[in-house]
Amino acid sequence: MPYVVLVTGASSGFGALTARALADTGHTVYAGMRQTTGRNAPAVADAQTYADRHGVALRAVELDVSAQESVDAAVAQVTAEAGRIDVVVHNAGHMVLGPTEAFTPEQIAEIYDTNVLSTQRVDRAVLPQMRDRRDGLLLWVGSSSTYGGTPPYLGPYFGAKAAMDHLAKSYAVELSRFGIDTSIVVPGSFTSGTNHFAHAMHPEDTATAQAYDAFYAGLMDDVGKALATLAPADADVMEVARAIVRIVGTPKGERPFRVTIDPADDGSERVSDVADGVRADFYERIGMTDLLTPRTAG
């Protein structure tokens, strides 16, 4: 069944790959990105070229997840053009690189805004129509750092991604009786095929960052090299997009709650299996296991 899908942060990386993969399977996909007439104009042109060449329904839409007005306008535009939004892929995110202490509180707030608060803006704009229809899917793109290994100099990003994961888990049970499904896709540390590291935020407090260099000189480069070494040579960033396509195409009530794609195997999947099992056991103990799957009728 073809769906209308809104993908946030779709100008490049996982978002762009996912938007194209979903369109290739027959869905109508809106690739949300900011500055569609400015910095991301080439990405808009690329999406249009791809749509024309492959004969798919892939359209760019102006969507700045840091601004509620932009989110509301994008959701209104997609709904007016396509009639509804069936699936939201929460993909927008921003990486950081540097010692945690050297980031200002304002910088960390910005990281949390992009990686966490943005999902709340989009959800509040989209969920009323999903609740009215008693149908929909929220698909969250997380990070293996939430449960797996956490190398240094990425702290604010890891914290934000963990916060988003907990938000997703809360939404899952609170939306289940409305028939709205939830899945979390957990990519590992893909060091090629995305621009996460290239566009990462660096600390504004350079004096503090330099103090760390006295003891951790070259650490950021070492982390990058170590992560690249862990991943097998055939690690394919498209596996994330393919996993999302499979989840979207799975019937409601049968979709996996969490799927991990981690070629480096940082331990995330083992820990999350235990954590998600504890979560399920807890809902059984409090007699609310119906909240663990979306209501499919009534």
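1. In this predicted model, Asp290 and Arg177 form a salt bridge, with their closest N and O atoms 2.9 Å apart. The pair joins distant parts of the chain, 113 residues apart: Asp290 sits in the segment after helix H9 (268-285), and Arg177 in the loop between helix H5 (155-175) and strand E6 (180-187). Both partners are partly exposed, Asp290 at 34% relative accessibility and Arg177 at 43%.

2. Do have a look at Arg258 and Asp276 as well, whose side chains meet in a salt bridge at 2.7 Å, N to O. Arg258 belongs to strand E7 (residues 258-261) and Asp276 to helix H9, so this pair ties together parts 18 residues apart in sequence.

3. Another pair worth a glance is Arg84 with Asp86, a salt bridge whose closest N and O atoms are 2.9 Å apart. Arg84 is partly exposed, with a relative accessible area of 28%, whereas Asp86 is buried at 6%. For your tally, the structure holds 12 salt bridges.

4. Finally, a word on Ala92, found in the loop between strand E4 (87-90) and helix H4 (105-133). Ala92 is buried, its relative accessible area being 11%. Leaving aside residues up to four places away in sequence, Ala92 touches Thr8, Gly9, Val65, Thr114 and Asn115. Ser118 lies 26 residues from Ala92 in sequence, and the C-alpha to C-alpha distance between them is 7.9 Å.

Key. Residues numbered from 1 in each chain as written. Predicted model: local features only at pLDDT ≥ 70, side-chain atom pairs only at ≥ 80, totals over all residues. Heavy atoms only, no water. Helix = DSSP H or I, 4+ residues; strand = E, 2+ residues; numbered from the N terminus. Buried < 20%, exposed > 50% of the residue type's maximum accessible area, 1.4 Å probe, protein only. Contact = heavy atoms within 4.5 Å. Salt bridge = Lys/Arg side-chain N within 4 Å of Asp/Glu carboxyl O.
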